[in-house]
Amino acid sequence: LINGATWQLIGSDRYDATVGSGPKGIAYSEWALSNPSAWAYHSPMIRESGGFAAFITTPRGNNHAKTMYDRAKDNPSWFCERLSVEETGALGEADLAEALAEYQDMHGIDLGRAFFEQEYLCSFSGAMVGAYFGAEMARAEREGRLQLVEIDWKHPVHTVWDLGKAVNNPIWCFQVIKGQLRVVDFYRPDSDDLEDWVKWLNDRGYKGNDYVPHDILVTEWGTKRTRFDTLRILGRKPKRIAKVSVADGLQAGRKAINAAVFHLGEDERGQRMQLGTDGLKAYRREWDDELKTFRENPLKDWAEHIGSAWRYLGLAWKDATPEPPKPEKPKELEYIVGPTGLIQGNMTV
């Protein structure tokens, strides 16, 4: 601009490109579809510069945008407004009826209604359209399974990975106690150094099994060593997850959500978990606009690897279930009959 200021348009998936830039203002468009980590990086800069941030969005189910809305509407430091077409009066009844009919013609009665309420009525009530785990996460919330979950240090904390680089390598941390799946932490590395990831886990005492995808045995470029070898050298206990179809992994992931309790709290662990559970809500199918249907493959966005790691957790967590102690073999006694009657003799096993 003529005053020397810069106006920049970027995607929220490139939030790290602006770290240290000292912005005076940021406007997030379609915040419900953006990577929530962007605000975690940008907020310190905005507070330091005394600037502003605006979050403009259409609801996409009960995800991070809904969480921010709920907090902002009760916080006097924020301006918060939710306007449906009923408040704005932007369209008349005939236009709205036509829009609803079009959605239902294209997507069916139920999905069409969900689209309509989301786009025109600003409804957060439905799961994100196309979400793989939306119904299961909504059920977990209704049943109160997003709650304070303390770590029981008498039991190991296991991890499950979706191998990639840094933000593409989310790690779920969980325990299995008396058959119950307890999801206690979530970690998404900032660096690409595997040793940093291991140090982060070790520093927190998470030293159970590390469940990793089958492709961990691929040799890394420039070395003859695999990541499986590296993890073992670093003192970890990697275990490979069997290769199955994406559909089987999704089904295992749904069952795991239905069996799990998730840590929810204001502590650092809770904040990390918030990103993980938001990712599960946002993990969704890719939409084929030409065929007007969802493709089978996941949409490649910020939530993809979070959901993929959860698929692996669904396949792995029962392996971490402690085996019940084996009953001891009954002891047999040998008896000898003496002159005075039955006398206990040698015991054999």
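A: A polar contact is a pair of N or O atoms within 3.5 Å; within protein, one must be able to donate a hydrogen and the other to accept it, and residues adjacent in sequence count only if both atoms are side-chain atoms. Here, the side chain of T159 makes one with the side chain of W161, at 2.8 Å.

Q: Before we go on, what kind of model is this?

A: It's a predicted model: local features need pLDDT of at least 70, side-chain atom pairs count only at pLDDT 80 or more, and totals for chains, interfaces and linings use all residues. Residues are numbered from 1 along each chain as its sequence is written, and side-chain values use heavy atoms, leaving out hydrogens and water.

Q: How many helices and strands does the chain have?

A: Helices (H or I, at least four residues) and strands (E, at least two) are DSSP runs, numbered from the N terminus. This chain has eleven helices and 13 strands.

Q: Back to T159, then. Where is T159, and is T159 buried or exposed?

A: Buried means under 20% relative accessible area, exposed over 50%, partly exposed in between (1.4 Å probe, protein chains only). T159 belongs to strand β4, and T159 counts as buried because its relative accessibility is 0%. Over the chain of 349 residues, buried ones make up 43%.

Q: Which residues is T159 in contact with?

A: Contact means heavy atoms within 4.5 Å. If you set aside the neighbours within four places in sequence, T159 is in contact with I171, W172, C173, F174, L201, N209, D210, Y211 and R236. For the chain, look at contacts between residues at least 6 apart in sequence: 65% of them join residues at least 24 apart.

Q: What order do the strands of the open sheet take?

A: Two strands pair if DSSP finds at least two bridges between them. Seven strands build this open sheet, with mixed pairing, in the order β3-β9-β6-β5-β4-β7-β8. Strands β3 (146–147) and β8 are the edges, as each pairs on one side only.

Q: What does β7 pair with?

A: β4 (residues 158–161) runs parallel to β7, and two bridges join them. β8 (residues 237–240) also pairs with β7 in the parallel sense, over four bridges.

Q: What caps the N-terminal end of α2?

A: N63 does: one of its side-chain oxygens lies 3.2 Å from the backbone nitrogen of A65.

Q: Which residues could I look at outside the sheet and helices?

A: W7 is in the segment before β1 (25–29) and counts as exposed because its relative accessibility is 66%. G20 also sits in the segment before β1, and at 68% relative accessibility G20 counts as exposed. G20 and H42 are 22 residues apart in sequence, and their C-alpha atoms are 8.9 Å apart in space.
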